[in-house]
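Here are my notes on this one, as promised. Have a look at the model first, then read on.

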Amino acid sequence: MFLTISTTGTPERPATDLGFLLHKHPDKAQAFSTSHGTAHVLYPEASAERCTAALLLEVDPVALVRRGRGKGSGGAPDSALAQYVNDRPYAASSLLSVAMSTVFKSALRGVCAAMPERAASPLPLRIEVPALPARGGAELVRKLFGPLGWDRVEAEPVVLDEQFPEWGDSRYVRLTLEGELRLADALRQLYVLLPVLDDAKHYWVAPDEVDKLLRAGEGWLADHPEQKLITSRYLSRRWGLTRQAAERLELVRLAESDDLEVEDVDNVVDETKDTEERPVPLAEQRRAAILDALRTAGTSSVLDLGCGQGQLVQALLKDTRFTDIVGVDVSVRALAVAARRLRLERMGERQSGRVTLLQGSLTYTDKRLKGYDAAVLSEVIEHLDLPRLPALEYAVFGSARPHTVIVTTPNVEYNVRWETLPAGHARHSDHRFEWDRREFRDWAARVAERHGYGVVHVPVGDDDPEVGPPTQMAVFTLAAADQAAGARTTWSQDGRSPAGRVPRRGPGVPGRHHHHDHHEGGGGMTTTTRELPVTDLSLVVLVGASGSGKSTFARKHFKPTEVISSDFCRGLVADDENDQSASGDAFDVLHYIVGKRLAAGRLTVVDATSVQRESRRELVQLARRHDVLPIAIVLDMPEEVCAARNAARPDRADMPRHVIQRHRRELRRSLRGLEREGFRKVHVLRSVEEADAAEIVLEKRYNDLRHLTGPFDIIGDIHGCSSELDTLLARLGYVDGAHPEGRTAVFVGDLVDRGPDSPGVLRRVMGMVAGGNALCVPGNHENKLGRWLKGRNVQHTHGLAETIEQLEREDATDPEFRGRVAEFIDGLVSHYVLDEGRLVVCHAGLPEKYHGRTSGRVRSHALYGDTTGETDEFGLPVRYPWAEDYRGRAAVVYGHTPVPTASWVNNTICLDTGAVFGGKLTALRWPERELVDVPAEQVWYEPARPLVTEAPGGHEGRPLDLADVHGRRIVETRHMGRVAVREENAAAALQR
């Protein structure tokens, strides 16, 4: 960021006198260190007729972030939004004001020993600031500088992008000031008004800022018509400081009018007179209205969705009727600020048990958010793009489904009452839209009707008779019939029952009392059995202080071979399980054994204290490396219990009490962050009774259907070719979706898009799955359609537009069909392991190391396959030929990449034979390994590239082909990952 100061002169009074006044020699380029970077002073031109001084400030974004911690409420919104990438290095702001006070310190005071008469006299000045944030627009710039004696005040708006003029202007202006003023006066005005126009301070606004303001505003601020706005913004709207500055400025004005000293008129202001009451900020009024609505609804458990920095959570904590408060936000930084605001680390156990902070996105369904009395969306919806609003609607009203939902949003009609808000501008730069009262009521009515809620509207703030209140609030209440409706029907993926899967419990969250299985008896509360679901292939980490009973718990619930104890590993390397000096080597051994077990596909339990985040990080990474779920079981026992148990053990009888206390402190500090660390399930046991009553329940992975042995008919990519599907099923012997011999159809995905009848295909497949006659895995086209059905912003390409048009026609005859499709797609599992592990079915292929595993990486490979990172001559990604390297025992049947004819390659086969492109629809009969196909009725969709047979690999008795070894090759190795073989190296190998 920079500014230039120019002046003109004569031979008698040369313009280069500017160098004396600024105390900076025109012949030198000088640099000065500031708290946030380096300031440079240089003179682009210096002659007797004209002289220009430039102040250039280079901002260090890292220093800005480090020093910005703890800044006041006026912190720059751009810095809060993006700590390191923002406009601070380029746009004039309080950073430039601070640099001016450092570099031009004497000039600001009007001191020049060499030329005192020049310092006291007006100069012809021209000041330019190329990029000035102006919250209030060019009109506000003119209002602020116009009364200060400038002959010309020009504020030219800077367009957002010259190539896209329809985007309009940015909030920046190019400022030019011309006139005859004392240099000191001009610099003081800039010192004050630059941060006022930016409406932000990059540092904490302390009480001494009032003195700085009055010193810089001497002679002009007291009588300025915008004095109130200037003082408020300069002092970051701190009411107490603003009032103090206003009182002192009033004394200055009175003293000047009576030609007295300020001290002589100090008693003119009547201190007994009632001063103006502090206006209640709109944010406080909004929180009060929300709290009133929650109390009226009789809620006790509340979700603050989009909690930001925790202001509403803090207000909820002050009312003891709210016993379970959860703040959710997508920003980890905002949650960290909220945790500091709430002082979670210092909070007592009972109080901390009432509050939980979670990272999550409100456009995704989240099982953790179910079962709460109320949800609050306070000033949230306007920060979403309108196309993403249906996704939020479904996640909150359709999935979480609390009894009460409170939504607040700005009323755009009221914006005309904000004096400093330019016409047509939103209240916040991140607002994607702002609704008037009719638009908000219409949206609320549609949401309520779709999801079975009633809705009432409540004004927040002064209800203006013409434009309404500044904030509009809708309170949704779930209808009684919908509350009693219970659970929804879910599609099964084992192909055997419409009721679907055995339900799994979501991750336990500390402080959610409704996750505990307690029942009240005649004599008080008795603890019954509490089931702890554990996936049969996972890494279970026992977390607890020394003496909390982890080893006893492990012996009770797991096989001895499944438990890897840090004490045991310490004994292996040091012959002493209590030798803490051997801990480093012991954990190297522990991690090695854990990695080997997970690689072999075995349930593994780690028995160590694991109370520190650093000790858990490697375990979570191990689980991710081997694509298994990490699960935490926390034994949060009282200190007395831990101490008594250690005292009963001869090898730990002398353990100092402070060790247990430290363990418990570290555990409490990290307990709420276990899910953010990557643990998919967290079970917390807080008493000896709970631990004794716990029962581990092993859950099968959804993809593990090894008990289903077939026979199967595996059908390739259909892409909306409903007629061809019916013909193929008839060829395979199916009648009305069922096979008389009990065979099961398995669909490899890509049921939709490009073809003439995607709804017809979906009806057939969904009916067969629901009837227990078929299984289905998702294709990338179902995944994209499912995201569109949830309201996500996806491109309508590759045939999706045709499917959407077909679904819209279906709405007229079956309005519920679209919802059933969304539910069906949402329940699809990435791949299946069948026939005692002999068969794997997925959409895009799957290496052996991913079979039966559960992770985002596995799902991504099953949906999309892998690419080399290159594109072909048609602009399409080059698929990595994983099948050529496959050596697994299980046969892998997949689709995704169309080929003219299905053929086996290394115990894998692709069944996508391009039916929609005019090829054929193919099925594989298993275990017979017979291929059955029917030709396409016509070319329904032109392919982007011709269908080609995969390059031969020399396997299954086929001849070798030069293409297998010629040119640049990529080889997947066991120990070194992917290795690229250069063309010249491949040629040399071929010669040998």
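1. Contact here means heavy atoms within 4.5 Å. Helices (H or I, at least four residues) and strands (E, at least two) are DSSP runs, numbered from the N terminus. This is a predicted model, where local features need pLDDT of at least 70 and side-chain atom pairs count only at pLDDT 80 or more, while totals for chains, interfaces and linings use all residues. Residues are numbered from 1 along each chain as its sequence is written, and side-chain values use heavy atoms, with hydrogens and water left out.

2. Overall picture: the protein has 34 helices and 38 strands. Of its 992 residues, 51% are buried (buried is under 20% relative accessible area, exposed over 50%, partly exposed in between; 1.4 Å probe, protein chains only). Taking contacts with a separation of 6 or more, 71% come from residues 24 or more positions apart.

3. Now the α29/α32 pair. Helix α32 covers residues 856–864, and V858, H861, A862 and L863 are its buried residues to look at. Their cover includes α29 (780–789).

4. How do α29 and α32 pack, in angle and axis distance? The angle is about 115 degrees and the axes are 8 Å apart (axes are lines fitted to C-alpha atoms, for helices over the stretch in contact, with angles from 0 to 180 degrees between N-to-C directions). α29 and α32 are therefore roughly perpendicular, a label for 65 to 115 degrees; under 35 is roughly parallel, over 145 roughly antiparallel, and the rest oblique. On the α29 side, N780, N783 and R787 meet R859, L863 and Y864 of α32.

5. The largest nonpolar core has 71 residues, and F145, W150 and V192 touch the most other members (a core is a set of buried Ala, Val, Leu, Ile, Met, Phe, Trp, Tyr and Cys residues joined through side-chain atoms within 4.5 Å). Helix α8 (residues 183–198) gives the most to this core, with 10 residues. Beyond its neighbours within four places in sequence, V192 contacts L213, A216, W220, I230 and Y234. A second, separate core of 39 residues includes L725, F747, V761 and M768.

6. Last, E180, which sits in strand β7 (residues 169–181). Buried or exposed? E180 counts as exposed, because its relative accessibility is 54%. Even so, E180 touches P122, L123, P124 and D151, leaving out residues up to four places away in sequence. With P124, the C-alpha distance is 4.4 Å across 56 residues of sequence.
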